[in-house]
Amino acid sequence: MTKRESNQQRSLEAFLAKKAEFDALLAELQQASEDHFGADPEAVLWGEAAWLADATAKLKDIADQHSRRGEYEA
């Protein structure tokens, strides 16, 4: 195996490990979302709404980076 092939293999292994971690986090968030992030829909207050707005903004930034939208546009 050449140095380049070895480097590519290690890069792939690192990428796949991070992808597995990412996928697990997405699954955890999906499950939490289905449970309204632990909030009682009949008793939601501004704190829960603010937390969800902040979390959504962070996810939107990640989606924008990936899709090269907004400030990440080429």
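The following dialogue discusses how to read several features of a predicted model.

Biologist: How many helices and strands does the chain contain?

Modeller: The chain has two helices and zero strands.

Biologist: What does the radius of gyration say about the overall form of the chain?

Modeller: The value is set against that of a compact globule with 74 residues, which would be near 11 Å. For this chain the radius of gyration is 18 Å. The C-alpha trace spans about 60 × 30 × 15 Å along its principal axes.

Biologist: What share of the residues counts as buried?

Modeller: The cut-off is a relative accessible area under 20%. Of the 74 residues, 4% count as buried. The chain exposes about 6700 Å², with 58% supplied by carbon and sulfur atoms.

Biologist: Is Asp64 buried or exposed?

Modeller: Asp64 is buried, because its relative accessible area is 9%. Asp64 lies in helix α2, which covers residues 46–67. Leaving aside residues up to four places away in sequence, Asp64 touches Arg69 and Tyr72.

Biologist: What span should α2 have, and how far apart are its end C-alpha atoms?

Modeller: In general, an α-helix has 3.6 residues a turn, so residues three or four places apart point the same way. At 1.5 Å a residue, the 22 residues of α2 should span 32 Å, and the end C-alpha atoms are 31 Å apart, so the two values agree.

Biologist: Which residue follows α2, and what is its phi?

Modeller: Arg68 follows α2, and its phi is positive, near 55°.

Biologist: How far apart are the mean positions of the positive and negative charges?

Modeller: The chain has 9 positive and 15 negative charges, and their mean positions are 15 Å apart.

Terms used:
Residues numbered from 1 in each chain as written. Predicted model: local features only at pLDDT ≥ 70, side-chain atom pairs only at ≥ 80, totals over all residues. Heavy atoms only, no water. Helix = DSSP H or I, 4+ residues; strand = E, 2+ residues; numbered from the N terminus. Rg over C-alpha atoms; globule rule 2.2 N^0.38 Å. Buried < 20%, exposed > 50% of the residue type's maximum accessible area, 1.4 Å probe, protein only. Areas by Shrake-Rupley, 256 points an atom, 1.4 Å probe, with all protein chains shown as cover. Lys, Arg positive; Asp, Glu negative; His and termini not counted. Charge placed at Lys NZ, Arg CZ, Asp CG, Glu CD. Contact = heavy atoms within 4.5 Å. Expected span 1.5 Å × (residues − 1).
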